[in-house]
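Please take a look at the sequence and the model below.

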Amino acid sequence: MGKNKIVIIGGGITGLTAAYYLQKENIDAEITLIEQSDRLGGKIQTEEKDGFTIERGPDSILERKPAGKRLIEELGLADQIVHNATGQAFILSQDHLHPIPKGGFMGIPTKVTPYAFSSLFSISGKVAALKDLVRSRSEVEGDISVGQFFRRRLGNQVVDRLIHPLISGIYAGDIDRLSLMATFPNFYQLEQNHRSLMLGLKKTMPKKRGGAKSAFITLNGGLQKIVDALENELTSTNILRNTKVKHIEKNAQNYTIHLVDEEEVLDADHIVMTTPHQVTSKIFSQYDFMHKLMEVKNTSVANVVLAFNENAVHDLPNGTGFVVSRKEQYRMTACTWTHKKWPHTTPEGYVLMRVYVGKPGDEELIQESDEHIKSVVLEDLQSVIKIDGDPIFHMVTRWNEAMPQYTVGHLERLKELENKMAEKLPNVYLAGNAYRGVGIPDCMDQAVAIADGISKKIN
């Protein structure tokens with residue numbers, strides 16, 4: 001009997017991580033990674049331009065989720081880690097930048113005073129939020145939306161002006177459709193254990209010592225360094241670029257992978273699917289159950305990088321950026337002052353901003369020309385920040401149908417899918433941001449678990 005053949009489809013961070021840990025297991029297997037484009041890394045894409053370090057995709061990794069930092073250390077990149085500069089963040093609401101109140105977690109107060117004196121909320125909004133202190137626990141059977149949960153506890157104003165934009169910065173969707181159990185089950189447990197979110201957070205949040213601690217990390221030179229290091233490590237993995245999978249056929253003992261524009265086929269005993277779920281479901285189009293996971297189409301987003309001379313931007317507040325309240329008419333959804341949040345990315349004497357567009361109901365903007373998107377973003381910015389003229393350069397990156405939506409019932413649908421997979425498609429594994437977390441460490445965790453499971457089966 002020959003070696004086991006493992007094929008990983010998708011060369012983003014999930015697929016690369018799976019290949020790395022499978023290779024590390026030193027199992028008796030041939031590993032092949034298939035990527036349809038000419039580059040690896042998926043959404044991770046760093047560019048250097050005129051001394052600026054620019055991330056076209058994610059700009060950081062959440063440090064409290066250990067998978068990312070652990071892999072960085074294993075790859076010998078620990079000395080390249082950079083923590084974000086902490087500072088005041090703002091909410092753009094009612095045409096003004098309001099400081100996000102101190103003493104909160106994801107917009108939920110842990111201290112009453114900063115919220116009581118915040119300019120972001122009206123008196124009635126503050127009173128509604130304080131009702132969390134006396135409100136009873138939720139009686140929930142099954143799943144509910146994030147919006148429904150937080151609106152009941154904290155009122156509409158705090159949700160619309162603060163919690164919604166903060167959460168949408170992660171999931172780029174509508175929190176009134178987003179699944180609570182798939183995204184923030186910890187808040188539901190907090191409420192059940194302590195009755196009040198505010199009181200529960202106050203009791204359970206660790207005490208900060210020595211000032212505010214940064215939550216995110218990147219690498220000096222950008223996240224692309226992780227991708228490059230992983231590629232360098234995959235010495236015994238066969239990497240096929242510019243190769244697209246057409247469909248996969250199940251045989252009596254294994255699988256046959258049919259490639260687009262290729263007469264040859266690949267055999268596989270184990271297949272790790274790290275492609276977006278809409279791509280995966282097309283590859284396995286003969287199986288109806290594949291199509292049921294995602295109730296709604298993935299959302300599309302774009303980011304616009306703008307570089308300015310320092311003297312062209314006036315009276316920029318001291319902070320790291322802002323998110324936009326969802327009740328506002330602005331087309332931008334958030335703005336990072338990259339030169340302040342990540343000082344190492346920007347030469348001295350310059351300002352670097354990254355502005356996000358693509359909120360639900362306004363996704364058509366993303367299909368406009370780069371110049372048009374830049375003009376829309378600049379007009380929005382100039383209504384709250386005094387900026388002279390055009391940027392030195394701008395860079396638009398579109399991510400079409402890139403943000404999966406974990407709508408209410410996501411975990412139940414995912415469990416049903418995984419049960420069907422085990423029955424109909426044994427040894428085919430699903431991983432990536434469509435399933436159990438959208439962040440880089442979440443995707444890495446899924447890849448590690450699958451690599452571990454395959455190695456145990458083979459050994």
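Pro109, Val112, Tyr115, Ala116, Phe121, Lys126, Ala129, Leu130, Val158 and Met198 line the second largest cavity of this predicted model. Helix H3 (112-116) and helix H4 (123-130) are the elements that give two or more residues to this lining; helices (H or I, at least four residues) and strands (E, at least two) are DSSP runs, numbered from the N terminus. A cavity here is a set of points, on a 1 Å grid over the protein atoms alone, where a 1.4 Å probe fits but cannot get out, and lining residues have an atom within 4 Å of a point. The volume of the second largest cavity is about 90 Å³, a volume being the space filled by probe spheres set on the points, with grid points joined across faces, edges and corners. By class, its lining has 9 nonpolar, no polar and 1 charged residues. Ala, Val, Leu, Ile, Met, Phe, Trp, Tyr, Cys and Pro count as nonpolar, Asp, Glu, Lys and Arg as charged, and the others, Gly among them, as polar.

The count comes to 2 cavities of 30 Å³ or more. The largest cavity holds about 150 Å³ of space. It is lined by 17 residues, and Thr53, Glu55, Asp59, Thr338 and Thr345 lie nearest its centre. Strand E4 (52-55), strand E11 (216-219) and strand E21 (350-357) each supply at least two residues of this lining, with E21 giving the largest share, 4 residues. By class, the lining of the largest cavity has 7 nonpolar, 7 polar and 3 charged residues.

Now to helix H8. In H8 (residues 185-194), Phe187, Tyr188, Leu190 and Glu191 are buried, meaning under 20% relative accessible area, with exposed over 50% and partly exposed in between (1.4 Å probe, protein chains only). They lie on the same side of H8 because they cover an arc of only 160 degrees around the axis, the arc being that of the directions from the helix axis to the C-beta atoms. Among the elements that cover these buried residues are strand E9 (104-105), strand E10 (108-109), helix H5 (146-154), helix H7 (180-183) and helix H9 (197-204). After H8 comes Arg195, with a positive phi near 70 degrees.

Glu263 sits in the loop between strand E14 (255-259) and strand E15 (265-268). Glu263 is exposed, with a relative accessible area of 82%. Its C-alpha atom is separated by 50 Å from that of Asn186, 77 residues away along the chain.

Residues are numbered from 1 along each chain as its sequence is written, and side-chain values use heavy atoms, with hydrogens and water left out. As this is a predicted model, local features need pLDDT of at least 70 and side-chain atom pairs count only at pLDDT 80 or more, while totals for chains, interfaces and linings use all residues.

Methods. 1 Å grid on protein atoms, 1.4 Å probe; cavity = no way out; pocket = protein on both sides within 12 Å on 5 of 7 lines; lining within 4 Å. Contact = heavy atoms within 4.5 Å.
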